[in-house]
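Good morning, and thank you for making the time.

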Amino acid sequence: MKRFINYIKECYTELVEKTSWPTWKELQSSAIVVSIASLIIALVVYLMDKSFETLLETFYRIF
């Protein structure tokens with residue numbers, strides 16, 4: 001049981017004293033970057049899907 005309590009204490013110390021946490025402003029800017037990147041990727045996937053759909057419809061109409 002002592003080892004477990006020591007482990008918990010060390011985890012707490014590392015999280016509180018040794019870890020650098022981002023500021024609120026850094027979190028907001030990171031969230032904006034992730035949101036914009038996600039939208040761009042979603043748009044690219046949508047455009048690829050529509051282009052392949054059109055391409056396959058044309059291919060199937062020919063044959």
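Let us begin with Arg 61, which is exposed, at a relative accessible area of 66%. On this scale, buried means under 20% relative accessible area, exposed means over 50%, and partly exposed is in between, with a 1.4 Å probe and protein chains only. Before I go further, please note that this is a predicted model, in which local features need pLDDT of at least 70 and side-chain atom pairs count only at pLDDT 80 or more, while totals for chains, interfaces and linings use all residues. Residues are numbered from 1 along each chain as its sequence is written, and side-chain values use heavy atoms, with hydrogens and water left out.

What does the side chain of Arg 61 meet in a salt bridge? The partner is Glu 57, at 3.9 Å from N to O. A salt bridge here is a side-chain nitrogen of Lys or Arg within 4 Å of a carboxyl oxygen of Asp or Glu. Arg 61 and Glu 57 both belong to helix α2 and sit 4 residues apart, about one turn of the helix. Helices are DSSP runs of H or I with at least four residues, strands are runs of E with at least two, and both are numbered from the N terminus. Glu 57 is partly exposed, with a relative accessible area of 38%.

Another pairing joins Glu 53 to Lys 50, at 3.2 Å from N to O. These residues also lie in helix α2, 3 residues apart, again about one turn of the helix. Glu 53 is partly exposed at 35% relative accessible area, and Lys 50 is partly exposed at 35%.

Let me turn to Ser 51, also in helix α2. Ser 51 is partly exposed, at 41%, and its side chain reaches the backbone oxygen of Met 48 at 2.8 Å. The C-alpha atoms of Ser 51 and Val 34, 17 residues apart along the chain, are separated by 26 Å.

Next, Ala 42, found in helix α2, which covers residues 24–62. Ala 42 is partly exposed, with a relative accessible area of 44%. From its C-alpha atom to that of Leu 56, 14 residues away along the chain, the separation is 21 Å.

Which residues make the nonpolar surface patch? They are Ile 32, Ile 36, Ile 40, Val 44, Met 48, Phe 52 and Leu 55, with an area of about 680 Å². Patches take residues with over 30% relative accessible area and no salt bridge; like charges are joined within 9 Å, and nonpolar side chains (Val, Leu, Ile, Met, Phe, Trp, Tyr) within 5 Å. Areas come from the Shrake-Rupley method with a 1.4 Å probe, and for residues only the protein chains shown count as cover.

Finally, the chain as a whole. The chain has 2 helices and 0 strands. Its radius of gyration is 25 Å, well over the 11 Å that the globule rule gives for 63 residues, so the chain is more spread out than a compact globule. That radius is taken over C-alpha atoms, and the rule is 2.2 Å times the number of residues to the power 0.38. Along the principal axes, the C-alpha atoms fill a box of roughly 75 × 35 × 10 Å. Buried residues make up 0% of the 63 residues. The accessible surface of the chain is about 6400 Å², with 69% belonging to carbon and sulfur atoms.

Conventions. A polar contact is a pair of N or O atoms within 3.5 Å; within protein, one must be able to donate a hydrogen and the other to accept it, and residues adjacent in sequence count only if both atoms are side-chain atoms.
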